[in-house]
Amino acid sequence: MAVNDVFAQLGFEGTPAAVLWDMDGTIMDSEAEWVEMTAEVVLAVGGVWDDDDSVYIAGANSHNHSMRMADAVERGTGTRPDPHQIFAVLSERLKNEVYSCAQLLPGAHELLTAFRMAGIPQALVTATEKELVDVALGALDDTYFNAVVTGTDDVPGKPDPAPYLLGAQRLAADPERCLAFEDSKTGLAAARASGAHVVNVNETPLVKLAAFL
């Protein structure tokens, strides 16, 4: 099978029991929008946003993200807003401007389709809340995933391995026989801690892997 050439390029022996995918920044070019829109929402109400904040929210779940936004507003105004309310403003913008018109990064569709056709179970494992994930998946042309783990699931967020372990569990797969695709420092740490074979898409772009199909 052509997919075996992909696995060989990744140094994975045999066929994985399952493939686990991060979403933002891995299969969708949405990581930058999270940072940009978060900063805009915070600055619009008098908050202060810096590079450390941007690094912190990469791969963070909605709770940690909302708390960081509230911290940033408090630094600028001296008054702490309700974290859930300010995050809701961001979430609405992302839903309307990013996820409702979601598109896959180059190479993602080809790999997702090839793995599915080869009968390999796949799970989406993302820190993004379920409402936004549902909008994104609804905007895509196809259904790729056998299971989905979101930031709404009641497990510790990345960098804890719990989301990846839950994804493997929902596919009845041994985590150590799973292949995980990630982009952020937080997500990479979570995937590695789960025992999965991890692919850093910043170093190994999906479009280059798809060329082996």
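**Figure 1. Burial and overall dimensions of the predicted model.** Buried residues account for 49% of the 213 residues in the protein, which is shown here as a predicted model. The chain forms 10 helices and five strands, and because its radius of gyration of 17 Å is close to the 17 Å that the globule rule gives for 213 residues, the protein is as compact as a globular protein of that length. Taken along the principal axes, the C-alpha atoms fill a box of roughly 60 × 30 × 25 Å. The accessible surface comes to about 9600 Å², and carbon and sulfur atoms contribute 50% of that area. Among contacts between residues at least 6 apart in sequence, 68% join residues that are at least 24 apart.

Figure 2. The domain assignment divides the protein into domain 1 (3-28 + 103-211) and domain 2 (31-100). Their centres, taken over C-alpha atoms, are separated by 25 Å, and 17 residues of domain 1 are in contact with 13 residues of domain 2.

**Figure 3. The largest nonpolar core, with a close-up of Phe-115.** The largest nonpolar core holds 47 residues, of which Trp-21, Ile-27, Tyr-99, Phe-115 and Phe-181 touch the most other members. Both domain 1 (3-28 + 103-211) and domain 2 (31-100) give residues to this core, so it lies between them. A second, separate core is made up of 16 residues, including Val-125, Ala-147, Leu-171 and Ala-196. In the close-up, when neighbours within four places in sequence are left aside, Phe-115 is in contact with Val-3, Val-6, Phe-7, Val-19, Trp-21, Ile-120, Gln-122 and Phe-181. As a general background to such views, nonpolar side chains in soluble globular proteins tend to be buried together.

**Figure 4. The salt bridge between Lys-158 and Asp-22.** A search of the whole structure finds 12 salt bridges, and one of them is shown here, in which the side chains of Lys-158 and Asp-22 meet with an N to O distance of 3.1 Å. Lys-158 lies in the loop between β3 (147-149) and α8 (162-170), whereas Asp-22 lies in the loop between β1 (18-21) and α2 (31-44), so the pair ties together parts that are 136 residues apart in sequence. Lys-158 has a relative accessible area of 5% and is therefore buried, and Asp-22, at 6% relative accessibility, also counts as buried.

**Figure 5. Asp-53 and its two arginine partners.** The side chain of Asp-53 meets that of Arg-68 in a salt bridge of 2.7 Å, N to O. Because Asp-53 lies in helix α3 (residues 51-57) and Arg-68 in helix α4 (residues 62-77), this pair ties together parts that are 15 residues apart in sequence. With a relative accessibility of 1%, Asp-53 counts as buried. The side chain of Asp-53 also meets that of Arg-75 in a salt bridge, with an N to O distance of 2.6 Å. This second pair links distant parts of the chain, with Asp-53 in helix α3 and Arg-75 in helix α4, 22 residues apart. Arg-75, at 44% relative accessibility, counts as partly exposed. Elsewhere, salt bridges that share partners join Asp-22, Lys-158 and Glu-182 into one network.

**Figure 6. The surroundings of Ser-194.** Ser-194 is placed in the loop between α9 (185-193) and β5 (197-200). Its relative accessibility is 7%, and Ser-194 therefore counts as buried, since the limit for that class is under 20%. Not counting residues up to four places away in sequence, Ser-194 touches Pro-161, Tyr-164, Leu-165 and Pro-175.

**Figure 7. The position of Cys-101.** Cys-101 belongs to the loop between α5 (83-97) and α6 (108-117). Its relative accessible area is 48%, and Cys-101 is therefore partly exposed. The C-alpha atoms of Cys-101 and Val-198 are separated by 28 Å, and the two residues are 97 residues apart along the chain.

Key
Residues are numbered from 1 along each chain as its sequence is written. This is a predicted model: local features need pLDDT of at least 70, side-chain atom pairs count only at pLDDT 80 or more; totals for chains, interfaces and linings use all residues. Side-chain values use heavy atoms; hydrogens and water are left out. A nonpolar core is a set of buried Ala, Val, Leu, Ile, Met, Phe, Trp, Tyr and Cys residues joined through side-chain atoms within 4.5 Å. Buried means under 20% relative accessible area, exposed over 50%, partly exposed in between (1.4 Å probe, protein chains only). Domain bounds come from an automatic or database domain assignment. Contact means heavy atoms within 4.5 Å. A salt bridge is a side-chain nitrogen of Lys or Arg within 4 Å of a carboxyl oxygen of Asp or Glu. Helices (H or I, at least four residues) and strands (E, at least two) are DSSP runs, numbered from the N terminus. The radius of gyration is taken over C-alpha atoms; the globule rule is 2.2 Å times the number of residues to the power 0.38. Accessible areas come from the Shrake-Rupley method with a 1.4 Å probe; for residues, only the protein chains shown count as cover.
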